[in-house]
Amino acid sequence: MTQQGQTARRAAERAARLSYGRLIAFLAARTGDVAGAEDALGDALVAALKAWPASGVPDRPEAWLLTVARRRILDRQRSQTTAEAHRAHLVLLDEERQAMRAQTGFPDERLKLMFVCAHPAIDEKARTPLMLQLVLGLDVARMASAFVMAPATLGQRLVRAKAKIKDAGIGFAVPEPAVFRERMGSVLDAVYAAYTVGWDGAHGEDAKAAALAAEAVWLGRLIVHLVPDDPEASGLLALMLLCESRRAARRDPETGAFIAIAEQDVAMWDDGMADEAESLLRRAGEAERPGRYQLEAAIQAVHADRRRSGSIRWDEIVLLYRGLVALSPTAGALCGLAAALAEKGDVEGAHALLSDAAIPNRERYQPYWATRAHIEALGGDRQAAIESYRRAASLSTDPAVRTHLDVRRIALADG
């Protein structure tokens, strides 16, 4: 491939990475056809890879992609005869003419698309992965791994969900306040899922994953702006900001080695971001409607307080995790409570909790084995800890985390 061809490919990949969700949301909002929008954008990307090496990368790549995708949709709609297709055709044709005249940007419709994906008509199990795919461009293989699901199963769910959006004529709009709140939980879950995927893969080796965390924070800020009195929205944004405040300290700046939170250099934490998060959390607490994200943010806030106190108050973390497990007994919350109990000194209670916990697919759930290994090591069961560290490392997709776990396993074996 020529240098110009490589430049064109990189530009197309960058435009897709940064603008995929905005383009899909804009197109789907005007046609009501999510799958059709995906197909049209796919055609536009293929066209870019053919045209840009010869003509050069346009000044505004996303506008070029939008124009081509819109024309693909118009071409397909010309062969349809339904009144709805005719209406959508006229809308797109009018916008195409306006865009040609104005050469301006286009509105960001991603939040509308997220609420479409959270509609009650959509299978509950498909809502979060559907949002992640359409709004943030995650592929099925990556999501299937995150949701511990076969890619084919997840792919079928997503196809059915997209067909449902079109067939049911679900409107693309930010719903009225009452409906807005009904769907808020699903939207917040998707934003957090996007953040965690971006957080897990955000150390240089995956540029798309690195952008996900920033996109999730942006969406979190947008939701808080729209509903400033929703404590869970503020709690989620606080949670993400507290995690982001530690980003620079999470990896060794020279080797890229993973550094556990308790071992991080607090001087590398972003005080301004942490202060903003704590302010959001205090404001959320004033509503006296505790929820999952507020509790998770509160746990991270206790960790963040080490920058002031120099120590971690494990008794507070245990209490917060107990509240979280009572409210939302997820696998992550159960593992977190077990780890906190062990750090507090109750290794026996931690081991019993983890052994009895109802954790689906625990054989494939990496945090379970990493937590179990840590508890077994604290309890002096060296051989069991070595085996658990081995299993946790084998399930880790992040090379730095895998190395971190292997180092601990080897230290136990040599000790």
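How are helices α1 and α6 oriented relative to each other? They are roughly perpendicular to each other, as the second of the following legends sets out for this predicted model.

**View 1. The whole chain of the predicted model, given as a setting for the close-ups.**
The chain has 415 residues, of which 49% count as buried, and its secondary structure comes to 20 helices and zero strands. Among contacts with a separation of 6 or more, 64% are between residues 24 or more positions apart. The chain exposes about 19600 Å², and carbon and sulfur atoms supply 52% of that area.

**View 2. The packing of helix α1 against helix α6.**
Two packed helices are described by the angle between their axes and the distance between the axes. Helix α1 covers residues 3–31 and helix α6 covers residues 124–136, and where they pack, the axes are 6 Å apart at an angle of about 105 degrees. Because angles of 65 to 115 degrees count as roughly perpendicular, this is the term that applies to α1 and α6. On the side of α1 the contact is made by Y20, G21 and I24, and on the side of α6 by Q133, L134 and V135. Sorted by class, the contact of α1 with α6 holds four nonpolar and two polar residues, with no charged residues.

**View 3. The crossing of helix α6 with helix α8.**
Helix α8 spans residues 151–167, and its axis comes within 9 Å of the axis of α6, with a crossing angle of roughly 85 degrees. The helices α6 and α8 are therefore roughly perpendicular to each other. From α6, the residues K125, A126, P129, L130, Q133 and L134 take part, and they meet L154, R157, L158, A161, K162 and I165 of α8. By class, the contact of α6 with α8 has eight nonpolar residues, one polar residue and three charged residues.

**View 4. Residue Q6 in helix α1 and its separation from W52.**
Q6 lies in helix α1, and with a relative accessibility of 32% this residue counts as partly exposed. Along the chain Q6 and W52 are 46 residues apart, while their C-alpha atoms are separated by 10.0 Å.

Most residues other than glycine have a negative phi. With a relative accessible area of 70%, E288 is exposed.

**View 5. The buried cysteines C117 and C243.**
A disulfide is a covalent bond between the sulfur atoms of two cysteines. A search of the whole structure finds zero disulfides. C117 counts as buried because its relative accessibility is 0%, and C243, with a relative accessible area of 9%, is buried too.

Technical notes
Residues are numbered from 1 along each chain as its sequence is written. This is a predicted model: local features need pLDDT of at least 70, side-chain atom pairs count only at pLDDT 80 or more; totals for chains, interfaces and linings use all residues. Side-chain values use heavy atoms; hydrogens and water are left out. Helices (H or I, at least four residues) and strands (E, at least two) are DSSP runs, numbered from the N terminus. Buried means under 20% relative accessible area, exposed over 50%, partly exposed in between (1.4 Å probe, protein chains only). Contact means heavy atoms within 4.5 Å. Accessible areas come from the Shrake-Rupley method with a 1.4 Å probe; for residues, only the protein chains shown count as cover. A disulfide is a pair of cysteine sulfur atoms within 2.5 Å. Axes are lines fitted to C-alpha atoms, for helices over the stretch in contact, and angles run from 0 to 180 degrees between N-to-C directions. Angles under 35 degrees count as roughly parallel, over 145 as roughly antiparallel, 65 to 115 as roughly perpendicular and the rest as oblique. Ala, Val, Leu, Ile, Met, Phe, Trp, Tyr, Cys and Pro count as nonpolar, Asp, Glu, Lys and Arg as charged, and the others, Gly among them, as polar.
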